[in-house]
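Visitor: Could you show me how to read a few features of a protein model? I am new to this.

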Amino acid sequence: SCAVCRRKKVKCSGSCPCDYCRKRDLECHLPRSRRRVYSVEYVQEMKSRLAQYEKSNQAQTPCVPAGSTRPSGADRVSSATGSPHDFASASSAPPPVTRDSPVYEPRHYSSAPNSDMRQDQNGEPSLPECMIMIDTPMSSTHIFGSRIQDMLNESPRGREKNLIPAAEKNTGASKGTSHCYIAPTSTTASPELPAREDAHRLLEAVDFFIGHTQHYFDIRELADHVDLFYQGQLCSSPTGRLFHLKILLVLAVGKLILGESDDCSLTPGNSLFLSAQTLLPNLSDLYKSERHGVEVLGLVAFYMQSTNRKDEAYLYINSALRLAITHGIHRMGDGSDRFQSEKTHLNRLWWTIYVNEKRLAAATGNPSSTNHDFANPEKPQKAFGFVPASPLRLNIVIAEATGRILNTLYRRNGQTEAEVIPNIHSIIHDLQRISRELPLGFPKAINSLTPRLSMRTSASLHLMLYQQAILLTIRPIMLHVARLILRRNEPIYHSSITTFSIGRLFWTGTEAARRLLEIALVLKREGILAIFGFIDLDATFSAAFVMLLTAIFNTISDDNDHGQAFTPSPGLSEALEVLRYLSNRGNPFAMERLRELEKAW
């Protein structure tokens, strides 16, 4: 295609000038090819050099960092079970990582592995320059998993090698209760409401699982209106109808999180949600309701996000965001004439919508609608009568990091390693700083005396950090390395990957996935793993595919006698265990994820 047709993204006739440019009297020229062309003599010379190097390499020990040895898989695991600030310790050699240690510490080599190898800006050997394919849709865990499946299907080596141990394969993985979603109609019957005591229990469940890291409503206000609703005293005004709507949505979310379904063929809370959808006002009426409309749209988005309807949730959360901006909620400062409690509620509501828009943008592979410079109100502060602000503040910081990751790494497709690697190092350093602020050294500091609320809140923040930030940053590199391994069969090439910075980033991603699975197993053991929790499920699914990539990385050890495989624990089998746990408790989306993993191997 000519340069104009490529820029316009139209079909090019291939002639010069092409039909498109000729009809529009445009200058038509072919772009300069970036593909390098080598002569036959040069290729033969390189093959000869490679043969000589392989012959001499058999009698030599592999190049390792000066003063260190390559740790075994068990050593890597045992050295990386500390508090969250050292999540990348598995990617670095001794000395041990301390609280102030950087995530990425450059290594110094005793000698270059090959005189023909390039060196990066730090003087370290680097792989031949190639493009790392990162595009906006790849931020979605579902699309990331699809890319892995495509890679394995396209690679003869990926089809031939048995990457997953037989013990980790379970033909019964896809068994579970099937649920379905029924679209609302004008004749949708009124749902059977839970008893008043059950309604308060569901409200408490919502507050327990998400009430400290997010803020969709004032729980005191809603609890009062739940009592009025069951007493038949809820007014029929537009505001009263919106409270009725919010009550239905919160009850639906509560049933969803706990996995309580009145009909085993339906998603938990489905009938309540359908009823809420039929009562949902149009955008004009929601605009008139001010903050009530923002709360309703935010709750609708949360339910859809948790039921694997992420694209629809993305639309609703963006509507909530625009509605909040229209009413100036993002600029609600101390100068307004509202009560302090209302300003606190609106401030926390705004930030909740903001962080979930960032999260859904990453989950769907769509662009984010706002940036930090656009809306920068004061972050939530300690306020009388409200839950502590620190969990929500940390959620905001992680979401801001997610926005930076999307804008820096996923902004365009096809970037060179020289462009990507420095950005990733910078982001990882920032994420290490964030990890130091997280409460509890999860899961190491967890014990039987830890309050369940503190455990669940801390776990949610750690899952957000590991999945929404760290793995989102490193996953493209891991997929890139796996492609290099499957496409190239040269032992020298494979032995080199583990010593380059790109290979060490791979180990950092594996360690983040390992710690993520530790958290999920603790939540499962304590019975506080959300059955239909988006973060819990998406993080586990992402970790499972990362462990699959780790299995591909370990094939290097099969090709090189001096290599040692990294066997993280927990690993892929534990990820499948968590997915089966959710599937057996009626989560059909966990069942779908299991089937996707089965297809991958």
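Visitor: Is helix 17 mostly covered or uncovered, and how many of its residues are buried?

Guide: Keep in mind that this is a predicted model. Helix 17 is mostly covered, with 32 of its 36 residues buried. Buried here means under 20% relative accessible area.

Visitor: Where is the kink in helix 17 centred?

Guide: Start with the general idea. An α-helix has 3.6 residues a turn, so residues three or four places apart point the same way. In this structure, helix 17 runs over residues 452-487, and its kink of about 50 degrees is centred on Leu-471.

Visitor: Which residues are joined by a cis peptide bond?

Guide: Look at omega. Cys-16 and Pro-17 are joined by a cis peptide bond, with omega about 0 degrees. Pro-17 sits in the loop between helix 1 and helix 2. Another cis peptide bond links Ser-569 to Pro-570, where omega is about 5 degrees. Pro-570 belongs to the loop between helix 20 and helix 21.

Visitor: What is the phi of Asp-25, and is Asp-25 buried or exposed?

Guide: Asp-25 is not a glycine, yet its phi is positive, at about 55 degrees. Find Asp-25 in the loop between helix 2 and helix 3. Asp-25 is exposed, because its relative accessible area of 71% is over the 50% cut-off.

Visitor: And what about Glu-290?

Guide: Glu-290 also is not a glycine and has a positive phi of about 55 degrees. Its loop lies between helix 11 and helix 12. With a relative accessible area of 39%, Glu-290 is partly exposed.

Note on methods. Residues are numbered from 1 along each chain as its sequence is written. This is a predicted model: local features need pLDDT of at least 70, side-chain atom pairs count only at pLDDT 80 or more; totals for chains, interfaces and linings use all residues. Side-chain values use heavy atoms; hydrogens and water are left out. The bend at a residue is the angle between axes fitted to the seven residues ending there and the seven starting there. Helices (H or I, at least four residues) and strands (E, at least two) are DSSP runs, numbered from the N terminus. Buried means under 20% relative accessible area, exposed over 50%, partly exposed in between (1.4 Å probe, protein chains only).
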